[in-house]
Amino acid sequence: MPAIEMSNPAALPADWRDILALTKPRVMSLVVFSGLCGMLAAPSLPPVALAFTAILCIALAAGACGALNQWYEVEVDAKMRRTAKRPLPSGRMQREVALQFGVGLGAFSVLLMGLATNWLAAVLLAVSILFYMLVYTVWLKPRTAQNIVIGGAAGAFPPLIGWVAATGHVEALPLLLFVIVFLWTPPHFWALSLFVRSDYAAAGIPMLPVVAGPQHTRKQIFLYSVLLAGAAVSPWPLGLTGPIYGASAAILSFVFLVLAARVLANRATEPQHMDAEKHLFAFSVFYLFALFTVLVADRFLPW
Amino acid sequence: MRAEDEIIRKRQRERARIMAWLLGGFVVLLFFITIAKTEINW
């Protein structure tokens with residue numbers, strides 16, 4: 001079928017696929033997974049309907065953050081190759097639609113979480129949305145190279161929220177899960193920003209490799225990887241998890257450290273010579289999935 | 001009908017259908033939440 005030229009695509013009703021794209025479904029999958037694992041690691045589980053609703057609310061809140069982020073950063077997204085084809089910078093949707101969708105989805109997710117599980121979980125969910133939008137997106141991201149360090153806290157909320165939705169209170173283990181995701185975020189994003197540095201520079205975002213250079217970033221990646229390894233293994237000696245988690249966390253963290261050391265040793269400045277950074281970035285995603293999977297396995301397996 | 005009007009109608013139809021499914025799903029979810037909340041004394 002021949003393509004139809006439209007006078008103003010943004011003036012048309014938005015395509016549902018574009019509305020779905022606003023929620024950043026791939027980012028949502030990691031958020032949902034960590035929230036689910038936080039819930040499954042809790043000592044008591046709510047009925048299936050409430051557990052499903054809690055995870056749904058975490059997903060909806062993540063979708064709201066994605067929509068509000070794209071609404072606020074439309075000019076920045078237009079300057080980066082990676083994001084230029086999103087619905088707003090490409091002109092397929094009106095900006096107000098993203099704002100209304102994001103605010104509506106966020107408010108709905110908090111309200112539903114409070115009514116279905118408990119209000120502490122709802123408050124944490126609201127704090128995570130506001131933290132991501134106001135502290136990270138609006139305040140830190142355009143101003144400081146440490147944006148991802150403090151902003152990482154927003155992504156660290158889901159396992160804590162999952163746990164609180166199940167139990168109604170905060171304990172040591174979910175706080176440690178929060179710390180693990182918090183410390184995991186800088187190496188993960190800095191590895192990415194090393195090999196897409198030109199994109200961030202073009203958009204004027206002060207990511208660490210743009211501001212401080214690749215070598216300083218590599219040192220910071222290694223430093224945070226060491227802290228991450230310590231935090232990831234710590235639930236075992238503290239008696240909060242069993243040996244399955246402890247051994248798995250130690251092995252996974254060792255591999256993470258080896259890959260981070262390879263990044264530290266790399267002197268390349270061109271993305272085509274940054275295999276070490278690409279390997280660390282890819283492994284960091286697997287690392288978090290694997291770590292949370294063994295956490296749940298450790299909770300349910302009999303030894 | 002112009003090609004642009006056709007696209008508008010198509011998108012409205014698709015969005016209305018999806019919204020109907022989502023609202024239906026929400027009603028079912030509310031039903032199960034109510035059952036779960038009445039069975040446990042949270």
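**View 1. Contact between chain A and chain B in the predicted model.** Twelve residues of chain A are in contact with 16 residues of chain B, contact meaning that two C-beta atoms, placed from the backbone, lie within 7 Å. Helix H3 (residues 48–72) of chain A contributes three residues, the most from any element to the side of chain A that touches chain B; helices are DSSP runs of H or I with at least four residues, numbered from the N terminus. By class, this side of chain A comprises nine nonpolar, two polar and one charged residues. Ala, Val, Leu, Ile, Met, Phe, Trp, Tyr, Cys and Pro count as nonpolar, Asp, Glu, Lys and Arg as charged, and the others, Gly among them, as polar. The model scores ipTM 0.85 and pTM 0.88.

Because this is a predicted model, local features need pLDDT of at least 70 and side-chain atom pairs count only at pLDDT 80 or more, whereas totals for chains, interfaces and linings use all residues. Residues are numbered from 1 along each chain as its sequence is written, with chains lettered from A and ligands numbered from 1 in the order in which they are written.

**View 2. Helix H1 (residues 3–39) of chain B.** The end C-alpha atoms of H1(B) are 54 Å apart, which agrees with the 54 Å that its 37 residues should span at 1.5 Å a residue; the expected span is 1.5 Å times one less than the number of residues. For chain B the mean pLDDT is 89, and 93% of its residues reach 70 or more, on a confidence scale from 0 to 100 for each residue.

**View 3. The two domains of chain A.** The assignment, automatic or from a database, gives domain 1 (14–168) and domain 2 (171–303). Their centres, taken over C-alpha atoms, are separated by 21 Å. Domain 1 brings 25 residues to the contact and domain 2 brings 26. On the side of domain 1, H2 (25–40), H4 (74–79) and H7 (147–167) each give two or more residues, and H7(A) supplies the largest share, nine residues. That side divides into 16 nonpolar, five polar and four charged residues.

**View 4. Helix H11 (residues 214–233) of chain A.** H11(A) has 20 residues and reaches 28 Å from first to last C-alpha, close to the expected 28 Å. Its buried residues include A:Ile221, A:Tyr224, A:Ser225 and A:Leu228. Among the elements covering the buried residues of H11(A) are H8 (172–195), H10 (208–212), H12 (243–265) and H13 (275–300) of chain A.

Note on methods: Buried ≥ 20, exposed ≤ 12 C-beta atoms within 10 Å, placed from the backbone. pLDDT = per-residue confidence, 0-100.
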